[in-house]
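Look at the model below and follow the chain as you read.

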Amino acid sequence: MALIKKETADKIMTYLLKPLSWLYGGVTGFRNWLFDHGVLSQEEFQVPVVSVGNITVGGTGKTPHVEYILGMLAMDYKIAVLSRGYKRKTRGFILANNHSTPRSIGDEPLQIYRKFGSKVKVAVCESRKKGITELLRQFPDLQLIVLDDAFQHRYVKPKVSILLMDYSRPVYEDHLLPLGRLRESGSQVGRADMVIVTKCPENLQPLEYRLITKKLDLMSFQKLYFSRFSYSQLEPVFPDDDPYNVTLGSLSERDGVFLVTGIANPRSFVRHFKSYPFKVKVAHFPDHHDFSRDDIQMIQEKFKNMTGERKIIVTTEKDAVRLMYNPYFPAELKKLIYFLPLSVKVEPGIEEGDFITELKKQIDSTEI
């Protein structure tokens with residue numbers, strides 16, 4: 001009976017939301033038509049621009065992939081990365097520096113800045129055109145600019161457009177907002193020069209590669225790649241507070257780990273910890289969550305009530321950036337909270353070669 005009720009409720013919800021999705025699709029489709037036919041103009045810059053983005057709401061792993069690209073190219077190009085700075089409390093163009101905080105530039109740009117420092121210029125601006133212009137004014141020797149989360153920001157025409165698609169949420173099985181999670185029609189995948197299927201399992205079989213390739217049905221000029229996350233060792237969020245010397249492998253079934261996440265799709269993060277013998281408790285918050293005093297008190301209370309001979313708190317790298325600047329985080333927990341860094345490995349599809357080699361080839365190409 002419960003199953004029947006759920007199926008009925010799902011059908012009613014689909015019936016109600018589908019017209020709204022059609023309306024949304026009409027608006028986004030018309031906007032793309034205006035760009036495609038030159039009614040709305042795109043600006044090209046003398047410096048190559050690489051756009052990294054998606055057509056799905058949240059959770060495809062944009063920041064780790066941007067970091068992967070920056071890490072692989074920083075030795076060959078003088079690079080800047082430009083982001084909108086989602087949920088920052090400031091406006092206009094801001095260049096990241098040692099005094100930047102999540103509130104001034106956003107959590108993801110700050111994460112990138114803390115990781116790359118002087119190797120990469122990191123800036124935020126609502127307008128990608130204005131942001132690029134200001135970067136080039138301040139740093140005329142720049143050789144490459146990477147745009148974070150910019151697939152829908154078509155006022156800038158990138159030299160290379162990289163589209164990310166979550167393996168567990170393929171665009172060909174999704175629907176437009178609000179019925180599904182697509183920001184725009186799946187046909188817009190055709191605007192990308194390179195497509196990366198992210199968060200793939202390690203044991204992805206050749207048949208799955210072929211099925212995804214067939215279902216995406218990319219054009220001949222488009223390159224398809226597959227990536228997966230790998231996790232490093234725990235690192236303290238507050239390294240100056242004499243943290244415990246703990247590794248995941250040193251914890252037993254008698255110990256406990258309290259996971260705190262504020263990311264769009266924490267499934268792969270949580271799944272990683274489920275493979276260990278220790279007890280796991282999870283507190284999940286919305287993406288880019290600004291932890292309030294009540295949130296911190298709730299985390300503290302749940303952690304206190306958690307059983308285990310040894311207990312630690314573990315969060316994501318992005319959440320760690322926000323928590324280390326949080327004025328409400330209690331001193332007694334600072335030595336008990338860690339974050340788990342992740343890295344990206346990109347593998348070619350059926351026919352494509354090495355991703356970075358192909359990316360550099362397209363960046364350096366003189367073709368328009």
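Two strands pair if DSSP finds at least two bridges between them. Helices (H or I, at least four residues) and strands (E, at least two) are DSSP runs, numbered from the N terminus. The model is a predicted one, in which local features need pLDDT of at least 70 and side-chain atom pairs count only at pLDDT 80 or more, while totals for chains, interfaces and linings use all residues. Residues are numbered from 1 along each chain as its sequence is written, and side-chain values use heavy atoms, with hydrogens and water left out.

The bridge partner of serine 83 in E4 is valine 124. This bridge joins two strands: strand E2 (residues 79-83) and strand E4 (residues 120-124) pair in the parallel sense over five bridges. Strands of a sheet pair through backbone hydrogen bonds, either parallel or antiparallel. Here nine strands form an open sheet with mixed pairing, in the order E3-E4-E2-E5-E1-E6-E7-E8-E14. At its edges are strand E3 (94-95) and strand E14 (342-348), each of which pairs on one side only.

In total, the protein chain has 10 helices and 14 strands. Its C-alpha atoms fill a box of roughly 65 × 60 × 40 Å along the principal axes. The radius of gyration, taken over C-alpha atoms, is compared with a globule rule of 2.2 Å times the number of residues to the power 0.38. A compact globule of 368 residues would have a value near 21 Å, and the 22 Å of the protein chain agrees with this.

How much of the chain is buried? Buried means under 20% relative accessible area, exposed over 50%, and partly exposed in between (1.4 Å probe, protein chains only). Of the 368 residues, 49% count as buried.

Valine 66 lies in helix H2 (residues 62-73). Valine 66 counts as buried because its relative accessibility is 0%. A contact means heavy atoms within 4.5 Å. Leaving out residues up to four places away in sequence, valine 66 touches Val52, Val81, Ile112, Val146 and Asp148. The C-alpha atoms of valine 66 and aspartate 149 are separated by 9.3 Å, although the two residues are 83 residues apart along the chain.

Glutamate 317 belongs to helix H9 (residues 317-324). Is glutamate 317 buried or exposed? Glutamate 317 counts as buried, because its relative accessibility is 14%. Apart from residues up to four places away in sequence, glutamate 317 touches Gln111, Lys115, Phe339, Leu340, Pro341 and Leu342.
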